[in-house]
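Have a go at each one before you read on.

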Amino acid sequence: MALRDKTNQRFKEFFEKQSKRNDGKEFEIPFSEIQRETGAANSTMKRAIETLAKEGWLEVKPGRNSRYGLFKLLHEEAEKAEELPGAPEPSSQTCESAPDFSPVLTGDSDDGSNLSNESRIHELEHLIDGLRRRLRAHEMTIALLQDRMAEIEDKLYKK
């Protein structure tokens, strides 16, 4: 069963973000963090990583134990060779999960920069609210599962 483009893109964005965080070098990350960040189920995560590796987009090696993996983005090396100095970065930064902060970081100032910064702040606040809602939903799911486990344990020990 093939992954949807949206799911595939979500994983690509996640690994691009992690690669940038590690300056394009190989990085080790727990599979649980990948699931948490992408919101994907375990089987979906495995299929996505396998697909990206088959495409030659991502290199995957075993990590320190079965819960970790070593990853390296391979597509960046090819893109860096093709990029011209001063060329704009790939369009992946314009997605909702990775806003472009280049004018803020470079100090470009014009009359529209305050409006632009305010819109970025608003976008970040919106993203944070979404993450809070997801976290709350996960917390409620965990509480429900704990209640069910307690009921099962009660029934088990009453016999």
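**Exercise 1.** Work out at what angle α1 and helix α3 (residues 42-54) pack, and which residues meet.

*Solution.* Step one is the geometry: α1 and α3 pack at about 75 degrees, with their axes 10 Å apart. Axes here are lines fitted to C-alpha atoms, for helices over the stretch in contact, and angles run from 0 to 180 degrees between N-to-C directions. Helices (H or I, at least four residues) and strands (E, at least two) are DSSP runs, numbered from the N terminus.

Step two is the label. Angles under 35 degrees count as roughly parallel, over 145 as roughly antiparallel, 65 to 115 as roughly perpendicular and the rest as oblique. So α1 and α3 are roughly perpendicular to each other.

Step three is the contact, meaning heavy atoms within 4.5 Å. From α1 come Thr 7, Asn 8, Phe 11, Lys 12 and Phe 15, and they meet Thr 44, Met 45, Ala 48, Ile 49 and Leu 52 of α3. Sorted by class, that contact has six nonpolar residues, three polar and one charged. (Ala, Val, Leu, Ile, Met, Phe, Trp, Tyr, Cys and Pro count as nonpolar, Asp, Glu, Lys and Arg as charged, and the others, Gly among them, as polar.)

A quick note on the model: it is predicted, local features need pLDDT of at least 70, side-chain atom pairs count only at pLDDT 80 or more, and totals for chains, interfaces and linings use all residues. Residues are numbered from 1 along each chain as its sequence is written, and side-chain values use heavy atoms, leaving out hydrogens and water.

**Exercise 2.** Close the set: how do α2 and α3 cross?

*Solution.* Their axes come within 10 Å and cross at roughly 100 degrees. That makes α2 roughly perpendicular to α3. Phe 31, Ile 34 and Gln 35 of α2 make the contact with Asn 42, Met 45 and Ile 49 of α3. The tally is four nonpolar, two polar and no charged residues.

**Exercise 3.** Follow α1 to its end and see what Asp 23 does just after it.

*Solution.* First, the helix: α1 has 17 residues and reaches 24 Å from its first C-alpha to its last, close to the 24 Å expected at 1.5 Å a residue. (The expected span is 1.5 Å times one less than the number of residues.) Next, Asp 23 is in the loop between α1 and β1 (27-30). Most residues other than glycine have a negative phi. Asp 23, though not a glycine, has a positive phi of about 55 degrees. Finally, Asp 23 is exposed, with a relative accessible area of 60%. (Buried means under 20% relative accessible area, exposed over 50%, partly exposed in between, with a 1.4 Å probe and protein chains only.)
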